[in-house]
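User: I am new to this structure and would like to know what stands behind the terms used for it. Please set each value against its definition.

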Amino acid sequence: MSEKVLMKGNEAIAEAAISCGCRHYFGYPITPQTEIAAYMAKRMPKIGGTFLQAESEIAAINMVIGAASAGVRVMTSSSSPGVSLKSEGISYMAGCDLPALIVNVQRGGPGLGGIQPSQSDYFQATRGGGHGDYHLLVLAPASVQEMAAMTVRAFDLADKYRMPCMLLADGTMGQMMEPVELGESTGGTVDKPWALTGTGMSRKHNIINSLSLTPDELERWNVDRYARYAKVERDEVLYEEYLCDDAEIVVVGFGIAARVAKNAVNAARAEGIKAGMFRPITLWPFPKKAMFERAKTARAFISVELSMGQMIEDIELAVRCTRPVTLCSRVGGMIPSPAEVKKSIEDAHAKLDGRN
Amino acid sequence: MTKNILIAGFGGQGVLFTGKFLAYAALLEDKQLSWLPSYGPEMRGGTCNCSVIISDEPVGSPIVTEPDILIAMNRPSLDKFEKAVVPGGEIYIDSSLVDRKVERDDVTVHYVPSTALSTERGFDGIANMILLGSVIEHSAVIDRKDIPAAMAKVVSAKHKDLYDFNIKAIELGYEFG
């Protein structure tokens with residue numbers, strides 16, 4: 001075990017990426033994730049890596065495509081408006097089955113929005129964001145320690161399933177400092193026989209491409225990709241349950257919303273309301289089986305989000321409308337307070353009386 | 001035990017630095033902690049604040065909405081956060097810059113003319129650490145013995161003069177009480 005250090009969430013992502021073998025970073029600055037680029041700019045030249053500030057987000061994501069095609073661990077990071085610009089490239093990566101890490105430290109939107117924390121890119125992250133049938137594997141850390149751990153996990157899963165992974169954080173997670181213990185360097189040595197590394201005149205050349213003008217071939221690519229997604233859905237779901245076993249009211253939140261929800265659950269418990277918290281850690285795949293199981297004991301769900309209500313749709317799908325689901329949210333860079341979440345717990349609790 | 005601390009002032013008064021110092025001291029004491037800055041336009045001037053939570057338990061929300069301890073380094077900060085302090089909480093005020101008294105009577109208030117003291121004693125620009133000395137003296141939020149090591153984490157070894165400067169400012173804060 002290494003020593004605990006204090007780091008910003010953004011810095012923890014950068015250091016963790018380096019520790020697991022990422023030596024290529026391409027990006028374009030935007031608040032509130034610029035510390036990732038700043039950290040990479042400082043470290044990469046010292047360890048033989050590449051840091052490149054591209055002329056735009058679009059250029060940066062296309063550089064990521066190039067590096068990923070060559071089989072190296074590569075990442076980019078941005079915040080909401082920048083991720084929209086990258087979405088075309090991300091769709092191409094999905095179509096080319098290229099592994100890479102894309103970090104979105106979300107800020108308020110739509111449009112240029114603001115620079116304060118938000119979770120309103122949930123649909124964009126979990127539904128693909130760009131055109132075509134595809135998914136990103138989306139991880140939502142809720143502490144600086146998880147920012148580091150999920151970065152390493154994202155690289156590993158990206159390589160394992162040959163798909164782009166997204167770390168979906170927000171301004172609070174990126175800017176806050178907490179103690180973090182960084183794991184030993186793993187190096188990220190994954191065999192990538194598909195990569196464009198030069199044939200050395202000894203093998204057939206590899207092709208990485210998302211274009212096919214033959215419909216039955218393109219159909220097969222899509223179907224094969226979705227078979228891989230099915231494995232991800234089966235094997236890679238992550239979530240945390242807090243005081244859920246006897247909970248009547250289950251508050252669902254990820255990232256910063258989960259941190260606030262935990263305070264509210266504790267406060268509600270102190271007043272005798274049986275509340276619990278369910279925290280999806282993978283947003284895609286969403287922990288729908290576990291949530292459906294939880295709906296057998298819980299009587300009502302509350303979605304706490306920094307959006308106008310996006311994840312709430314996944315909760316309703318997961319519990320198959322067997323339980324009422326209400327929304328507690330703030331937007332535009334505002335964050336629900338523990339008191340606001342507690343109030344929504346009390347409201348949901350009051351409605352339970354007289355109902356089974 | 002959990003201490004929710006809110007430090008607020010103008011950009012440039014050392015609000016974030018004060019918080020960072022507390023965070024490192026808590027880390028050395030093996031406590032759970034979080035440090036969250038305001039990172040909006042305020043960091044380019046204007047009002048600025050920083051949430052620090054030090055606890056024996058894992059920290060839930062890192063946003064301090066109801067501080068146990070408020071360090072108010074200017075008038076707008078006191079105006080904005082006075083009501084948020086929990087009953088029985090503590091407010092530390094740079095009374096050189098805040099031209100009013102706290103209106104509540106259910107909190108403990110310490111008025112420290114830290115800006116005037118810093119100018120008077122040749123510590124220009126580190127009124128924040130003088131005020132923090134008073135906080136450490138009264139609140140026991142961190143242990144005095146950890147101060148040198150925590151300072152070494154936030155002030156680069158290349159700047160021995162700044163290290164001494166900051167330590168002396170904290171000591172001045174104790175003295176003033």
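User: Which residues do ring pairs link into a cluster?

Analyst: Ring pairs join Y122(A), F123(A) and F254(A) into a cluster, where rings of Phe, Tyr and Trp (its six-membered ring) pair if their centres lie within 6.5 Å, planes under 30 degrees apart counting as stacked, over 60 as edge-to-face and the rest as tilted. Over all chains, the structure holds 7 aromatic pairs. This is a predicted model, in which local features need pLDDT of at least 70, side-chain atom pairs count only at pLDDT 80 or more, and totals for chains, interfaces and linings use all residues. Residues are numbered from 1 along each chain as its sequence is written, chains are lettered from A and ligands numbered from 1 in the order in which they are written, and side-chain values use heavy atoms, with hydrogens and water left out.

User: Why is the pair of Y25(A) and F51(A) called stacked?

Analyst: The ring centres of Y25(A) and F51(A) are 5.7 Å apart and the planes stand at 10 degrees, so the pair is stacked. The pair links distant parts of the chain, with Y25(A) in strand β2 (residues 24-27) of chain A and F51(A) in strand β3 (residues 50-53) of chain A, 26 residues apart; helices (H or I, at least four residues) and strands (E, at least two) are DSSP runs, numbered from the N terminus.

User: What makes the pair of Y226(A) and Y229(A) edge-to-face?

Analyst: The centres of these two rings, Y226(A) and Y229(A), lie 4.8 Å apart with planes at 70 degrees, so the pair is edge-to-face. Y226(A) and Y229(A) are 3 residues apart in helix α8 (residues 215-235) of chain A, a separation of about one helical turn.

User: Is Y229(A) buried or exposed, and how do you know?

Analyst: Y229(A) has a relative accessibility of 2% and therefore counts as buried, given that buried means under 20% relative accessible area, exposed over 50%, and partly exposed in between (1.4 Å probe, protein chains only). Y226(A), at 31%, counts as partly exposed.

User: Why does R320(A) count as exposed?

Analyst: R320(A) has a relative accessibility of 56%, so this residue counts as exposed. R320(A) lies in the loop between α11 (311-318) and β14 (325-329) of chain A, and has a positive phi of about 50 degrees although it is not a glycine. In chain B, D30(B) also has a positive phi, near 65 degrees, and is not a glycine; D30(B) is in the loop between α1 and β2 of chain B and counts as exposed at 63%.

User: How many residues does each chain give to the contact between chain B and chain A?

Analyst: Chain B gives 20 residues and chain A gives 23 residues, where contact means heavy atoms within 4.5 Å. About 1,700 Å² is buried between the two chains, with carbon and sulfur atoms giving 67%; buried area is the accessible area (1.4 Å probe) that two parts lose on being put together, summed over both. On the side of chain B, L27(B), W35(B) and Y39(B) lose the most area to chain A, together 34% of what that side buries.

User: How many salt bridges does the rule find across this interface of chain B and chain A?

Analyst: The rule finds 0 salt bridges between chain B and chain A, a salt bridge being a side-chain nitrogen of Lys or Arg within 4 Å of a carboxyl oxygen of Asp or Glu.
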